Amino acid sequence: MSDASSAVLIPAKSFVDAKTRLAGLLSERARHDLAAALLARTIGATSAHGTVYVVSDDDEVLAHAGTLGATVIRCSGPGLNLAVGEAMHWLHAAGVPRVVI
């Protein structure tokens with residue numbers, strides 16, 4: 001059941017840069033598609049637990065997340081720690097009292 005006072009925050013790097021440890025096993029395209037599928041699955045699995053936010057600096061990631069019903073937050077540069085920090089600041093300013101990352 002969704003709770004309007006809570007949020008789920010999913011930080012995501014670009015699909016091109018994701019899953020690089022699998023480079024010996026999967027092609028660049030396969031890693032890209034895997035990252036996109038995992039983001040979609042994560043959004044779907046968490047949407048019942050609050051408003052889902054995806055934070056990234058990547059246009060493709062944000063567009064994909066938006067089509068899946070997530071609210072998107074653009075961060076100022078690469079890096080998951082930066083993305084989480086900026087998104088938490090934004091969510092706090094918006095009055096969201098609980099965030100699950």
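Guide: The side chain of Glu 86 makes a polar contact with the side chain of Ser 76, at 2.5 Å. A polar contact here is a pair of N or O atoms within 3.5 Å; within protein, one must be able to donate a hydrogen and the other to accept it, and residues adjacent in sequence count only if both atoms are side-chain atoms. The model is predicted, so local features need pLDDT of at least 70 and side-chain atom pairs pLDDT 80 or more, while totals for chains, interfaces and linings use all residues. Residues are numbered from 1 along each chain as its sequence is written, and side-chain values use heavy atoms, with hydrogens and water left out.

Glu 86 lies in helix α3, residues 80–93. Helices (H or I, at least four residues) and strands (E, at least two) are DSSP runs, numbered from the N terminus. With a relative accessible area of 26%, Glu 86 is partly exposed; buried means under 20%, exposed over 50%, and partly exposed in between, using a 1.4 Å probe and protein chains only. Not counting residues up to four places away in sequence, Glu 86 touches Cys 75 and Ser 76, where contact means heavy atoms within 4.5 Å. Cys 75 is 11 residues from Glu 86 along the chain, and their C-alpha atoms are separated by 6.4 Å.

Next comes strand β3, residues 71–74, which holds Arg 74. Arg 74 forms a salt bridge with Asp 59, with the closest N and O atoms 2.3 Å apart. This pair links distant parts of the chain, since Asp 59 is in helix α2 (residues 59–67), 15 residues from Arg 74. A salt bridge is a side-chain nitrogen of Lys or Arg within 4 Å of a carboxyl oxygen of Asp or Glu. Asp 59 is exposed at 52%, and Arg 74 is partly exposed at 47%.

A search of the whole structure finds two salt bridges. Another pair is Arg 29 and Asp 33, whose side chains meet at 3.0 Å, N to O. These two are four residues apart in helix α1, so about one helical turn separates them. Arg 29 is exposed at 52%, and Asp 33 is partly exposed at 35%. In contrast to these, His 32 is buried, at 9%. His 32 is also in α1, residues 28–46. Leaving aside neighbours within four places in sequence, His 32 is in contact with Phe 15, Val 16 and Glu 60.

The strands remain. Four bridges join β3 to β2, and the two run parallel; strands pair if DSSP finds at least two bridges between them. β2, α2 and β3 make a right-handed β-α-β unit: with the strands pointing away from the viewer, the path from the first strand over the helix to the second runs clockwise. Five of the six residues of β2 are buried, so β2 is largely enclosed by the rest of the structure.

Strand β1 (residues 6–11) is likewise mostly covered, with five of its six residues buried. Five bridges join β1 to β2 (residues 51–56), again parallel. Ile 10 stands opposite Val 54. The chain crosses from β1 through α1 to β2 in a right-handed crossover. Three bridges join β1 to strand β4 (residues 98–100), also parallel, and Ser 6 has Arg 98 as its bridge partner there.
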